[in-house]
Amino acid sequence: MGSAGKKEGKKQKQEKLGPAWLDNAIFYEIYPQSFRDSNGDGIGDFHGIMEKLDYIKELGCNAIWMNPCFESPFGDAGYDVSNYYKAAPRYGTNEDLKRLFDEVHKREMHILLDLVPGHTSVNHEWFRQSLRPEQNEYTDRYIWTDSIWKEPAGYGSLRGISDRNGSCMVNFFSHQPALNYGFYKPDPEEPWQQAMDAPGPRSTLLEMMNVMRFWLGLGCDGFRVDMAGQLVKGDVDGKGNIALWQEVREFLDREFPEAAMVSEWGEPDKSLQGGFHMDFLLHFGPSHYNDLFRCEKPFFAGEGDVSKFVEKYLDSYQKAGGKGLICIPSGNHDMARLAKYVKGDRLKLAFAFLLTMPGAPFIYYGDEIGMPYVEKLFSVEGGYDRTGARSPMLWDRTPNAGFSSAPKEELYIPQPELADVSTAADQMEDRDSLRSEIQRLISIRQAHKALQSRGEIEFVHAREGVYPLAYLRFSGEERYLVVINPSDREEAFTGKFLLGDAVYTFGGRVKQQRGKVHVDPCTAGIYEIQPWVVV
Ligand code: NOJ
């Protein structure tokens with residue numbers, strides 16, 4: 001094959017894998033309400049985010065996922081959209097958002113918006129039209145039963161709120177009516193259940209593609225997709241949802257091949273088949289993610305078990321077959337902060353893991369400084385117990401920790417007392433801080449392809465109830481051993497390789513003696529394997 005042919009082959013392979021920028025992407029999740037308030041109204045905004053892009057870049061992240069920023073009554077923090085084509089005025093205008101895209105791109109970074117295709121707010125004009133008893137364009141935009149006395153089995157519903165004779169299925173909170181993408185196998189006894197290819201479900205999907213087209217056209221780089229595996233109903237094996245997203249992926253490959261898609265699905269074997277480039281491991285579902293960071297005895301707190309997580313991870317990894325990336329977040333806006341369970345130097349070990357695993361890492365804003373989960377808050381915007389993980393960023397020691405110039409009582413969510421916590425500014429000055437450690441880890445990851453998104457992994461030591469965790473990462477000729485011991489004892493394992501130079505160390509020593517690798521308490525390291533021989 002000539003070099004042009006080879007190039008073509010490489011291009012095609014890359015197209016199948018998705019945009020090349022994901023190969024070394026490291027994401028930072030921004031909850032816009034709480035990041036930076038530039039106009040003193042107590043809530044974050046687009047200009048505030050623009051002010052802090054250099055901070056994110058300096059940390060080493062080169063991509064952003066921003067939580068929903070569209071017009072909404074904010075009954076669920078914006079996951080209740082009332083207009084998909086309009087930025088929420090409290091954050092700025094569509095022009096401001098476009099400027100944010102441009103500022104991100106100027107810094108050679110990328111930004112994903114949060115797409116909520118499964119449901120809208122009850123305030124959405126589509127829903128208002130759909131409530132009307134007479135047939136109209138939006139009658140089948142949502143999932144309605146054919147009688148007010150019939151509820152959709154297994155789902156909540158909105159009933160008796162208009163003269164339309166039916167109950168409308170809801171997806172999450174009862175103010176979030178479910179958009180209609182059809183049923184995988186409609187029940188012939190329930191004629192209100194529509195097939196995926198019926199006109200109502202088709203027009204919903206085409207409209208959602210228009211929404212994507214609109215924002216990609218303005219310059220966003222893709223989407224994090226809310227509840228992505230739950231659009232088609234009655235779809236036990238996920239086949240309907242996989243087919244739906246394959247169609248979306250075809251549209252994106254045709255019109256926006258550089259756009260990246262990450263799903264809130266939590267089952268990579270399905271989501272990646274559906275054409276998503278990335279899927280999250282989530283704090284619910286089958287992943288055992290919580291065993292690592294959020295349970296009574298998390299592995300990274302020093303007395304837990306990593307084996308079930310690794311078993312499930314490997315199963316998904318193999319089933320995914322390199323089609324896309326499995327992404328492990330440090331946290332997100334739906335779960336308690338990482339620092340609630342994992343403390344002190346062990347947070348550094350948790351990040352040593354997060355930043356040396358395959359897939360694109362996602363850092364939840366504030367986790368890089370170990371921001372605390374704020375206990376006992378009243379719920380804000382449907383946050384309930386998630387509210388404590390959504391408090392405004394702690395930038396520095398000026399009033400409201402540099403988040404806002406509003407009076408303290410007008411802040412979107414209360415912040416923790418500054419006396420008890422450290423701020424981003426404190427940590428930027430301290431070479432031993434969590435943030436500085438994360439910066440180091442990121443620069444090491446970015447210097448070694450084997451440690452990046454598509455480098456392969458093989459677990460060397462991940463046994464039940466036993467420390468340390470050890471795995472190999474490799475790509476081409478590059479091979480590294482990552483070893484992490486969050487326990488407070490020296491631990492050892494047998495390794496069939498010779499340890500070479502360290503590219504990263506934290507904590508105590510890692511030494512190899514008579515075929516055994518001994519790891520000090522609370523220690524992590526990344527080592528070259530030299531030479532690659534069985535000892
Ligand atoms: C998942 C989102 O992350 C969460 O915040 C939201 O409440 C639900 N989906 C409903 O959209």
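Biologist: In which pocket does the ligand sit?
Modeller: This is a predicted model in which local features need pLDDT of at least 70 and side-chain atom pairs count only at pLDDT 80 or more, while totals for chains, interfaces and linings use all residues. Residues are numbered from 1 along each chain as its sequence is written, and side-chain values use heavy atoms, with hydrogens and water left out. With more than half of its atoms within 2 Å of the grid points, the ligand sits in the second largest pocket.

Biologist: Which residues are the closest to the centre of the second largest pocket?
Modeller: This pocket (on a 1 Å grid, an open set of points where a 1.4 Å probe fits, with protein on both sides within 12 Å along at least five of seven lines) has a volume, filled by probe spheres set on the points, of about 460 Å³. Of the 29 residues that line it, having an atom within 4 Å of a point, the closest to its centre are Phe-172, Met-227, Gln-230, Glu-264 and Phe-284.

Biologist: Between which domains does this pocket lie?
Modeller: The bounds come from an automatic or database domain assignment. Both domains give residues to the lining, so the second largest pocket lies between domain 1 (3–117 + 202–445) and domain 2 (119–178).

Biologist: How much of the ligand does the protein bury?
Modeller: Oxygen atoms of the ligand make polar contacts (N or O pairs within 3.5 Å) with the side chains of Asp-76 at 2.7 Å, Arg-224 at 3.1 Å and His-333 at 2.8 Å. Taken alone, the ligand exposes 300 Å² (Shrake-Rupley method, 1.4 Å probe), of which the protein buries 98%.

Notes
Polar contact = N/O pair within 3.5 Å; in protein donor to acceptor, adjacent residues only side chain to side chain.
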